[in-house]
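Hi,

Here is the structure I promised to pass on.

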Amino acid sequence: MATTFEARIAQKKTAREMRAGLTWEEKVRLIERMKEQLSSWKKHSKSSIASKPQA
Amino acid sequence: MEKTLEVLNRLEAAGLMGRYAIGGAVAAAYYVEPTVTYDLDIFTVIPGSSLFIDLSPIYTQLKSWGYKEQGAGVDIEGWEVQLLPPPGPLEEAALDAAATQIFHGVPTRILTAEFLCAIMLKTGRPKDLIRLSQFLEEAVLSYNTFMGILDRFSLREKWQQFVLRHFDGREPVFSIP
């Protein structure tokens, strides 16, 4: 369990280092992708709530 | 974002807005790890404005190009653009000192790291102070330039309070003199 946790922390650190090493243009593209994902997630979660059976 | 910047450059070329520069999270992403944001903060001088700032000529032009108001700004090619006339001398100086950058072939300007941080310190919202800490952790500021700005705009006291609260009173390490 500890190994899995450590591996996840190491992975996160690597991802952070990777993001920090991007150019500004690449970082902005990343922000644009995050924006799109968040928007689609928001739409999806709204429609999921709307389609939930009412008590 | 390049299409958004092209539209802003057209507004500047048409004289509807003066010199502009990108601030906020998109400018911060130039210097430090990016964070998600929906808006594009644009510092700009509105020609002819004195006491009252009239954005209507810009909004009318944008509307004629098919762009609609969204939230506190205008949706230009997928970015909610917020036009921010400099509220004081600090922001005016930041705009003057903004550096030219090219984004996918489109020229634009972004605020320097030191001015961005001074504005964050002045604004003092929790998210600004978190971002300021990020700049300090990633050691991207020039000590002399930053302290010069703090002195020029009477922000030393705020800085000392920030250092006390976020760094236990120990001045953070600046790797750039």
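This is a predicted model: local features need pLDDT of at least 70, side-chain atom pairs count only at pLDDT 80 or more; totals for chains, interfaces and linings use all residues.

Residues are numbered from 1 along each chain as its sequence is written, while chains are lettered from A and ligands numbered from 1 in the order in which they are written.

Chain B has eight helices and seven strands (DSSP runs numbered from the N terminus: helices are H or I with at least four residues, strands E with at least two). With a radius of gyration of 17 Å, close to the 16 Å of the globule rule for 177 residues, chain B is as compact as a globular protein of that length (taken over C-alpha atoms; the rule is 2.2 Å times the number of residues to the power 0.38).

Now the hairpin. Strands S6 (residues 99-103) and S7 (residues 106-110) of chain B run antiparallel, joined by five bridges (strands pair if DSSP finds at least two bridges between them). Ala99(B) sits opposite Ile110(B) in S7(B). Two residues lie between the strands, and His104(B) has a positive phi near 45° there.

Finally, where the chains meet, eleven residues of chain B and 13 residues of chain A take part (contact means C-beta atoms, placed from the backbone, within 7 Å). Helix H2 (residues 24-31) gives the most to chain B's side, with three residues.

Cheers

Methods: Two residues are in contact if their C-beta atoms, placed from the backbone, lie within 7 Å.
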